[in-house]
Amino acid sequence: MSNPVCLVTGSSSGIGAAVVDHFARHGYDIVINYNSGQDRAEAIAGRLRQEHGVRAICIGANLAERDESFRLVDEAVAHYGRLDVAISNSGVANYLKDEQTGELIRHRFHECPPEHLDREMARVLDLNLMGAYRFGQRSLKHMIDFASAQRQAGEEPSHRSLLFITSVSDVAPEATRIPYGVSKAGLNHAVIGAAFEGGPHNITTNALRPGVVDTPLTSRPSGITDPETGDEFTVAETYGLMAEGGSQALPWIAEPGDIAVAAYAFTQIPYMTGQLVAVDGGFTLAGGFPNRELFLNEGLRRRQRD
Ligand SMILES: NC(=O)c1ccc[n+]([C@@H]2O[C@H](COP(=O)([O-])OP(=O)(O)OC[C@H]3O[C@@H](n4cnc5c(N)ncnc54)[C@H](OP(=O)(O)O)[C@@H]3O)[C@@H](O)[C@H]2O)c1
């Protein structure tokens, strides 16, 4: 019997790299997908083979391009002859950099020039939504084919799982990342639609919605400066401080391994499908009431100031 196979998009970095490590630890053969990080991907594959004794291959594909998601899944299936878990994880933030200075361009939403508005939205829709949508569709097709073949051979179809890494940004309000939130919220709908097609073939389809995770994605400057040093905090540092200040129930942000544990668990649950589950340390629970002192003091401060 061959090992089960797990394919993870964007597994050359951050959350995806931790996810492939966790599946390899549990005896899965792995397909790592990268875009710009071929060397990082090869190094991860080598480590998985050595430390966990599983097979691991790397396939480069820019999933923002029309046919690349289809090619990625087809190549993975052609290589291993099976697909048990497919995880759509590749993603980018909507922010664009100034071509001359390399600095992030920030506009308030209502002041954003039309061309910038369109480019930010296109950046995230091309990868986060369309790339993931095509990847999910082709993965589901292969999984249904495998299930049908098992049935024809007189076996019950084994449990297979499709998981989308979306984000709590689907609901978290933030005017500078509306396009990102739109891409993730759109993908959530594809998840609940696909669940009904996969169900009769024993394929579960879910979304894992991380809160803030310390990865290269959140190491970009946040626009907020440390009042003591004047240095700009990264996004991860800003949310880390907010967490310490009570913005979420667990007062720290996640490490990639925290999300990998959840991703593995969700794909092993045979009777959960069509669910959009937050793994966010309680970020989306936070309202005014748990932090009433903070908001009360701020309200008093503003009233005095005005
Ligand atoms: N970090 C967070 O706080 C957080 C929170 C909620 C949701 N998420 C989601 O989690 C996922 C992983 O994010 P991360 O934080 O781990 O970010 P990351 O470290 O920046 O990793 C992003 C991954 O996506 C890949 N990628 C980028 N552009 C691609 C393209 N055009 N085609 C194929 N792959 C591409 C990258 O590949 P290369 O490096 O090889 O180019 C990399 O492997 C994303 O979908 C993100 O939206 C993250």
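How do the residues of the shell around the ligand divide into nonpolar, polar and charged? They divide into twelve nonpolar, 16 polar and no charged. In this count Ala, Val, Leu, Ile, Met, Phe, Trp, Tyr, Cys and Pro are nonpolar, Asp, Glu, Lys and Arg are charged, and the others, Gly among them, are polar.

Good morning, colleagues. The model is a predicted one, in which local features need pLDDT of at least 70 and side-chain atom pairs count only at pLDDT 80 or more, while totals for chains, interfaces and linings use all residues. Residue numbers run from 1 along each chain as its sequence is written.

Let me stay with the ligand for a moment. Of the 28 residues around the ligand, G10, G14, G37, G91 and T215 come nearest; a residue is near when its C-beta atom, placed from the backbone, lies within 6 Å of the molecule. Helix α1, residues 14-25, gives the most to this shell, with three residues. Helices here are DSSP runs of H or I with at least four residues, strands are runs of E with at least two, and both are numbered from the N terminus.

I turn to the chain as a whole. Its secondary structure comes to eight helices and nine strands. The radius of gyration is 21 Å, close to the 19 Å that the globule rule gives for 306 residues, so the chain is as compact as a globular protein of that length. That radius is taken over C-alpha atoms, and the rule is 2.2 Å times the number of residues to the power 0.38. Along the principal axes, the C-alpha atoms fill a box of roughly 75 × 45 × 40 Å.

Of the 306 residues, 42% count as buried. Buried means that 20 or more other C-beta atoms, placed from the backbone, lie within 10 Å of the residue's own; exposed means 12 or fewer, and partly exposed is in between. Among contacts between residues at least 6 apart in sequence, 72% join residues at least 24 apart. A contact requires C-beta atoms, placed from the backbone, within 7 Å of each other.

The largest nonpolar core has 75 residues, and V20, I30, I32 and I259 have the most contacts inside it. Helix α4, residues 114-152, supplies the largest share of this core, ten residues. Such a core is a set of buried Ala, Val, Leu, Ile, Met, Phe, Trp, Tyr and Cys residues joined through C-beta atoms within 7 Å. Leaving aside neighbours within four places in sequence, V20 is in contact with V8, S11, I30, I32, I44 and L48.

Not counting residues up to four places away in sequence, L140 touches L162, A194, E197, G198 and I203. V124 is also found in α4, and its 25 C-beta neighbours inside 10 Å make it buried. With the same exclusion of residues up to four places away, V124 touches V92, N94, P179, Y180 and S183.

Which residues of helix α6 are buried? In this helix, residues 235-244, they are V235, A236, Y239 and A243. They cover an arc of only 95 degrees around the axis, which puts them on the same side of α6; the arc is that of the directions from the helix axis to the C-beta atoms. The buried residues of α6 pack against β7 (221-225) and β8 (232-234). Just after the helix, G246 takes a positive phi of about 105 degrees.

Finally, three loop positions. F109 lies in the loop between β4 (85-88) and α4. With 11 C-beta neighbours inside 10 Å, F109 counts as exposed. Leaving aside neighbours within four places in sequence, F109 is in contact with A175 and I178.

N202 lies in the loop between α5 (178-198) and β6 (203-210). N202 has a positive phi of about 65 degrees although it is not a glycine, and with 19 C-beta neighbours inside 10 Å it counts as partly exposed.

G211 and Q248 are 37 residues apart in sequence and 9.8 Å apart in space, C-alpha to C-alpha.

Thank you for your attention.

Terms used:
Two residues are in contact if their C-beta atoms, placed from the backbone, lie within 7 Å.
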